[in-house]
Amino acid sequence: MTASAACPAPSGPTTVLVIAKEPVPGRVKTRLTPPYTPDEAAQLAEAALYDTLRAVSAMPARRRVVVLDGRPGSWLPAGFDVRPQCAGGLDERLAAAFADSTGPTLLIGMDTPQVTPQLLAPALESGAWDGCDAWFGAAEDGGFWALGLATPDPRLLRGVPMSTDHTGAAQRARLTAAGLRVRELPPLRDVDTADDAHQVAAAAPAGRFAATLARLTPVTGR
């Protein structure tokens with residue numbers, strides 16, 4: 001399905017995929033509970049997704065796609081297609097997302113609401129792929145928050161151990177072992193724990209994520 005666009009979004013050479021999970025209480029951000037309730041954790045997940053999609057909307061892209069586990073909701077802005085995630089482990093789901101794309105493709109997650117158009121710009125602007133086969137954005141917890149491939153190849157992701165403190169290193173090593181020329185995006189902190197949430201909100205105080213966290217904290221007394 002495609003969200004109807006109120007106005008044309010900026011176009012560019014690269015497809016952007018956002019891998020996401022529907023923000024349903026009890027299914028998202030479970031490591032935030034406690035100190036937050038499942039409903040509060042879902043509110044934070046929705047805010048993180050909103051901020052991420054807003055940043056993607058502001059940048060040029062050939063297509064903008066949410067690769068979704070679940071159903072789209074009011075958080076989905078205009079200009080995005082929605083594709084369902086396949087079954088299987090995270091490596092298989094990421095590989096399938098790339099397999100369904102053609103041409104230069106950048107995949108990011110929904111756990112870095114501090115992402116900005118400026119942070120995404122190097123991989124999305126004209127000339128981003130000149131002399132470059134891949135873009136890689138490391139996460140501070142040892143994973144990665146962004147992966148771009150000039151030629152999507154699901155074999156570059158299948159079998160990479162996910163959700164470990166060496167996932168990012170293993171994925172980057174897979175790229176270089178394939179002979180790809182890799183450029184770096186700045187490292188970012190994923191929101192997994194309450195401490196992560198406060199640090200990310202402080203880094204992006206103007207976003208919906210920060211506003212949601214600020215609203216929840218006084219009410220819950222945490």
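Which exposed residues does the face of α5 turned away from its buried side carry? I looked, and they are Ala202 and Ala203. Exposed here means over 50% relative accessible area, buried under 20%, and partly exposed in between, with a 1.4 Å probe and protein chains only.

**Ground rules**

I'm working with a predicted model, where local features need pLDDT of at least 70 and side-chain atom pairs count only at pLDDT 80 or more, while totals for chains, interfaces and linings use all residues. I number residues from 1 along each chain as its sequence is written, and side-chain values use heavy atoms, with hydrogens and water left out. My helices (H or I, at least four residues) and strands (E, at least two) are DSSP runs, numbered from the N terminus.

**Helix α5**

I went back to α5, which covers residues 194-203, and found Ala194, Asp196, Ala197, Val200 and Ala201 buried. Down the axis, these buried residues fall within an arc of 150°, so they line one face of the helix. The arc is taken from the directions from the helix axis to the C-beta atoms. I reminded myself that an α-helix has 3.6 residues a turn, so residues three or four places apart point the same way.

**Helix α4**

Next I checked α4, residues 167-177. Its buried residues are Thr167, Gly168, Gln171 and Leu175. They cover an arc of only 100° around the axis, which puts them on the same side of α4. Ala169 and Ala177 are exposed on the other side. I asked what covers the buried residues of α4, and the cover includes β5, β6 and β7. After α4 comes glycine 179, with a positive phi near 80°.

**The sheet**

I traced an open sheet of seven strands with mixed pairing, in the order β3-β2-β1-β4-β6-β5-β7. β3 (81-84) and β7 (182-188) are at the edges with a single partner strand each, so one side of each has no neighbour in the sheet. From one strand to the next the twist averages 20°. Strands count as paired if DSSP finds at least two bridges between them. I found that β5 (residues 134-139) pairs with β7 in the parallel sense, over five bridges. Glycine 137 has leucine 185 in β7 as its bridge partner.

Helix α1 (residues 38-57) packs on this sheet, where it touches β1 (15-21), β2 (63-69) and β4 (105-109), and its direction makes about 175° with that of β1. Helix α2 (residues 90-99) lies across β1, β2, β3, β4 and β6 (144-149), running at about 145° to β4. For these angles, axes are lines fitted to C-alpha atoms, for helices over the stretch in contact, and angles run from 0 to 180 degrees between N-to-C directions.

**Leucine 188**

I picked leucine 188 in strand β7. Is leucine 188 buried or exposed? At 7% relative accessibility, it counts as buried. Leaving aside neighbours within four places in sequence, its contacts (heavy atoms within 4.5 Å) include Thr112, Leu119, Ala138 and Trp145. Leucine 188 and glycine 143 are 45 residues apart in sequence, and 9.9 Å apart in space from C-alpha to C-alpha.

In the loop between β1 and α1 I found lysine 29, proline 34 and proline 35. Lysine 29 has a positive phi near 50°, and it is buried, with a relative accessible area of 16%. The peptide bond from threonine 33 to proline 34 is cis, with omega near -10°. Another cis peptide bond joins proline 34 and proline 35, with omega about 10°.

Serine 163 also has a positive phi, about 60°, although it is not a glycine. I placed serine 163 in the loop between β6 and α4, and at 72% relative accessibility it counts as exposed.

**Largest pocket**

Which residues lie nearest the centre of the largest pocket? I noted Leu90, Asp111, Ser163, Asp190 and Asp192, out of 29 lining residues. The elements giving two or more residues to that lining are β1, α2, β4 and β6. A pocket, on a 1 Å grid over the protein atoms alone, is an open set of points where a 1.4 Å probe fits, with protein on both sides within 12 Å along at least five of seven lines, and lining residues have an atom within 4 Å of a point.
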